[in-house]
Amino acid sequence: MKYMLLINAGELDLQDAPVGCEPEDWMRFDKEITDAGVVVASESLADLVTATRVQVANDGKRTVTDGPFAETREVLGGFYVIDVPDLDVALDWAAKCPGSRGGGSVDVRPIAEF
């Protein structure tokens, strides 16, 4: 079954990176999950503080908002799509992800297959 791991950065102050969330930790995790053969796709999103949101109202009017738009301080930083036997295994990978530390989180979402 395929799951998407959505990595939400909790703290954007790179000078005070959370313990276990340094570049070496990301490289180690990426190698481990890739070597396990479960990665379908993965990307880090460029510039965590830049995003553009588009919304279209019922009357067809388009609204564009610059910057990350969230009610919290979390910013989507990247994702992995993994193919694993079940949710428990997906949750294990999410817990190993450096993005789950230091105020960050990893949302685990099953991918619908039609």
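This is a predicted model: local features need pLDDT of at least 70, side-chain atom pairs count only at pLDDT 80 or more; totals for chains, interfaces and linings use all residues.
Trainee: What makes the link between the side chains of aspartate 25 and arginine 28 a polar contact?

Mentor: The cut-off for a pair of N or O atoms is 3.5 Å, and these two side chains are joined at 2.9 Å.

Trainee: How do you know what H1 should span?

Mentor: Take 1.5 Å times one less than the number of residues. With 13 residues that gives 18 Å, and the end C-alpha atoms are 18 Å apart, so the two agree.

Trainee: Which residues of H1 are buried, and how do you know where they sit around the helix?

Mentor: They're Asp25, Phe29 and Ile33. Looking down the axis of H1, they fall within an arc of 55°, so they line one face. They pack against strand E2 (39-44), strand E5 (75-83) and helix H2 (87-96). The face turned away from them carries exposed residues, including Met27 and Lys31.

Trainee: What makes up the largest nonpolar core?

Mentor: That core has 14 residues, and Ile33 is among those with the most contacts inside it, as are Leu5 and Trp93. Strand E1 (2-9), H1, E5 and H2 each supply at least two of its residues. Among the residues that leucine 5 touches are Tyr80, Ile82 and Trp93.

Notes:
Residues are numbered from 1 along each chain as its sequence is written. Side-chain values use heavy atoms; hydrogens and water are left out. A polar contact is a pair of N or O atoms within 3.5 Å; within protein, one must be able to donate a hydrogen and the other to accept it, and residues adjacent in sequence count only if both atoms are side-chain atoms. Helices (H or I, at least four residues) and strands (E, at least two) are DSSP runs, numbered from the N terminus. Buried means under 20% relative accessible area, exposed over 50%, partly exposed in between (1.4 Å probe, protein chains only). The arc is that of the directions from the helix axis to the C-beta atoms. Contact means heavy atoms within 4.5 Å. A nonpolar core is a set of buried Ala, Val, Leu, Ile, Met, Phe, Trp, Tyr and Cys residues joined through side-chain atoms within 4.5 Å. Lists of a residue's contacts leave out its neighbours within four places in sequence.
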